[in-house]
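Subject: Structure handover and notes

Hello,

Please find the structure below. My notes on what was found in it follow.

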Amino acid sequence: MTRPSRGNSIAPLPHCLIASFLLLALALPASAQTLRGRVSDPDKQPIAGAKVLILRGDAVSAEATTGVDGQYGPVVLTPGEYRVEAVAPGLSVAPKAVSLKTGTTAELDIALAISAVQESVVVSAARETTLSRTTDSVTVIDRAELDTTQTATVADALRHVPGFHVASSGGFGAITSLFPRGGESDYTLVLVDGVPQNSFGGGFDAAHLDTAGLDRVEVVRGPKSALYGNGAIGGIVQLVSRQGGPTRGDFAVEGGGYGYSRTTGSASGSSGAWRWGGSFDRLMSDGDQRTFAKIGQVSNDNYDRAVGSGSVGWSDRSTRSVRVDVRGERDDRGFPGPFGSDPASLYGGIDKISRGHNLSKSVAASGAFGDSATGRHRSQFTWFNVKSDYKSPYGASTDESRRVTGRYQYDIERQALGVSAGWELLHERVDNTFITGQVFQPVPVTRLVSGLFVEARPSLGDRAQLTAGARLERIARSALEANPGSRPALADDVVWSLNPKIAAAFIVSPANAANWTKIRASAGTGIKPPTGFELAYTDNPSLKPERSRSVDAGVEQTLGRQSVVAEATWFYNRYDDLIVSVGRSYSSASRYKTDNIANAKSQGLETGLRWTGTHGLSARAGWTWLDTEVLGIDGADTAAPAPYKVGQPLVRRPRHQGFGELTWTDHCGSLFFNVGGRVQVADLEPN
């Protein structure tokens, strides 16, 4: 439903955040209980860089990283019962129980065994938990995997995630789109240390995301609007930067053909209660410089990118922490046009003028205090700005998206029930050369989104997990003045949306079994509000968000005493209220120029296989089958938006795609071999 709004205000945002951080600062210290120990490999040798995860219930209370001697801690914790896990590439162990009493220090040594089971912290859930305890379809790509395969961009890492299709329009820096489970290219919410990176309305170009300084990449397949609200309609990609642990640094220089060069560096460490991390990445490429007999030399395909980031955090115990992250990125690229793909002979040759320049900046500040057993408070503030300048034969243009977010969340874990609840406020604005007002002067499009969310996790024993949650979203667009020929004056508009989700997982095998079977299923909804252009070029006073309804079911199975992990997930998505131009042939479906009347669906099967052997050998593979279909518009089942016809597949969604990878790692080096491919896809004539 819709109703007019009397304006938007973000005044409560800083007050809420200030109050949260004051509560954090005033948290009273308690007597120290600590945990420490040593992590070793199957040969009883110390493991450097192993992750130690300390859990209370299913929530991660603290993390630690081992030094060169395999030692971790001391980690300051509150009294209570904990489970401790340690993981390293190709190694893991079953959780170990430990009890901490007031004022004591516990020693816990952990010996790891060879395993293909990949364990990791997942921050994209309602509360930090481990990968094995999540009920969603989640893939984690860790730092060791990125290093072994020498992956330079996040887009290349996502090519090896089942269910995700990465479509690039050229070489380095060319527009790169992410299609989650058959969804649109603006259906993935991308976060860097909790900061949303999407432009106004969800659009995202994945060409510029580097991997320098990352600890891991988390990929959630399926809608997460029940927790993250608008934008998380098809999936989430969250980049988590490395911070803290033993002091370490990395530096690399690369070079290759097409004028390619890359210089990267990163460092992280800790001193007492302080933790820090930072990275930089500089990449350049001349691109395609070939000369063609009829059209001449390609001289406008070069790319230049520079990225820098840094973070600092403080935490003297597991019950309180603060963290600040900053990031900046600029890139410049030429766009020579579709000179190599002109089936209709409509293109005039090589575009030597068109160039794009992007500059993005972001800041995030977060804090947490309390223990999940008695109540944990978390708050976060983020600021993000991305400005794009584009020069073409038709002139210059700019586009700028600005976003401020504030989020508060309360978590509590009791024996019978775990609950997370909170409130989030988002204010965003877009300014574009082509979004103009009454006298064709630039005018902004602004939106204020507020969401209340709650998630419950009832206790079902050690082998079963259930999560059920919902988020009520209020999406308020500010008034837009008229533009002659494009739109009438639009008053303030408010749209409400409720997005629920339920998910469950069950481990069939007993805890002490050599192998185990895990089955899971989920159902939920997602939304994506209109883009700036959709709001600026319509006569519709109340465009609604596009919506998805999704279900999936999957199974994971270990074999060979957990040296092999196989998984398969079936999914079905129904996309409704898609915004399209209303053509003459179906103008009876709507009285507006654009409206939420289009529909589509997708279904498919995601499969994956991971094997870890002896002597540093490991392998993984994946294959995705995807079926997409254009459905009829509302009120006209046989009509579809041009240029589609009902029943046709969606463009750029391959029916089959897969990959395979073989790696060898040792203390003295590593080798890798990978292969990937897809079948032909439907696309649009580039002219």
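**Notes on the model**

Trp 276 is placed in strand S23; helices (H or I, at least four residues) and strands (E, at least two) are DSSP runs, numbered from the N terminus. This is a predicted model, in which local features need pLDDT of at least 70 and side-chain atom pairs count only at pLDDT 80 or more, while totals for chains, interfaces and linings use all residues. Residues are numbered from 1 along each chain as its sequence is written, and side-chain values use heavy atoms, with hydrogens and water left out.

**Surface patch**

Trp 276 counts as partly exposed, at 34% relative accessibility. Here buried means under 20% relative accessible area, exposed means over 50%, and partly exposed is in between (1.4 Å probe, protein chains only). Together with Trp 274, Val 312, Val 324, Val 326, Val 363 and Trp 383, Trp 276 makes a nonpolar surface patch of about 580 Å². Patches are made of residues with over 30% relative accessible area and no salt bridge; like charges are joined within 9 Å, and nonpolar side chains (Val, Leu, Ile, Met, Phe, Trp, Tyr) within 5 Å. The areas come from the Shrake-Rupley method with a 1.4 Å probe, and for residues only the protein chains shown count as cover. A salt bridge is a side-chain nitrogen of Lys or Arg within 4 Å of a carboxyl oxygen of Asp or Glu. Strands S23 (274-285) and S27 (320-334) each supply at least two residues of the patch.

**Strand pairing**

Two strands pair if DSSP finds at least two bridges between them. Strands of a sheet pair through backbone hydrogen bonds, either parallel or antiparallel.

An open sheet of five strands runs in the order S14-S19-S20-S17-S18, with mixed pairing. Strands S14 (137-142) and S18 (195-196) stand at its edges with a single partner strand each, so one side of each has no neighbour in the sheet. The pairing of S14 with S19 (residues 214-221) is antiparallel and covers six bridges. Within S19, Arg 216 stands opposite Asp 142.

S15 (residues 164-168) has four of its five residues buried, so the strand is mostly covered. S15 runs antiparallel to S16 (residues 176-180), and five bridges join the two. Pro 180 in S16 is the bridge partner of Phe 164.

Further along, S30 (residues 395-413) and S31 (residues 417-432) pair antiparallel over 15 bridges. A hairpin of three residues joins S30 to S31, and Asp 411 is opposite Ser 420 in S31. S31 also pairs with S32 (residues 445-458), again in the antiparallel sense, over 14 bridges. Leu 426 has Val 449 in S32 as its bridge partner.

**Rings and charges**

How many aromatic pairs does the structure hold? There are four. Rings of Phe, Tyr and Trp (its six-membered ring) pair if their centres lie within 6.5 Å; planes under 30 degrees apart count as stacked, over 60 as edge-to-face and the rest as tilted. One of the pairs is Phe 172 with Tyr 260, which is stacked at 5.1 Å centre to centre with 20 degrees between the planes. Phe 172 lies in the loop between S15 and S16, and Tyr 260 in strand S22 (residues 260-271), so this pair ties together parts that are 88 residues apart in sequence. Phe 172 is partly exposed at 35% relative accessibility, whereas Tyr 260 is buried at 14%.

Phe 533 and Tyr 537 also form a stacked pair, at 6.0 Å centre to centre and 25 degrees between the planes. Phe 533 is partly exposed, with a relative accessible area of 37%; Tyr 537 is partly exposed at 35%.

A charge sits over a ring if NZ of Lys or CZ of Arg is within 6 Å of the ring centre and within 35 degrees of the ring normal. Arg 333 has its charged end over the ring of Phe 335, 5.7 Å from the centre. Arg 407 lies over the face of Tyr 228, at 5.4 Å from the ring centre.

**Two C-alpha distances**

Val 580 lies in strand S37 (residues 564-581) and is buried, with a relative accessible area of 16%. The C-alpha atoms of Val 580 and Ala 598 are separated by 6.6 Å, with the residues 18 apart along the chain. Gly 658 is placed in strand S40 (residues 656-666) and is partly exposed at 26% relative accessibility. Its C-alpha atom is separated by 34 Å from that of Ile 597, 61 residues away along the chain.

Regards
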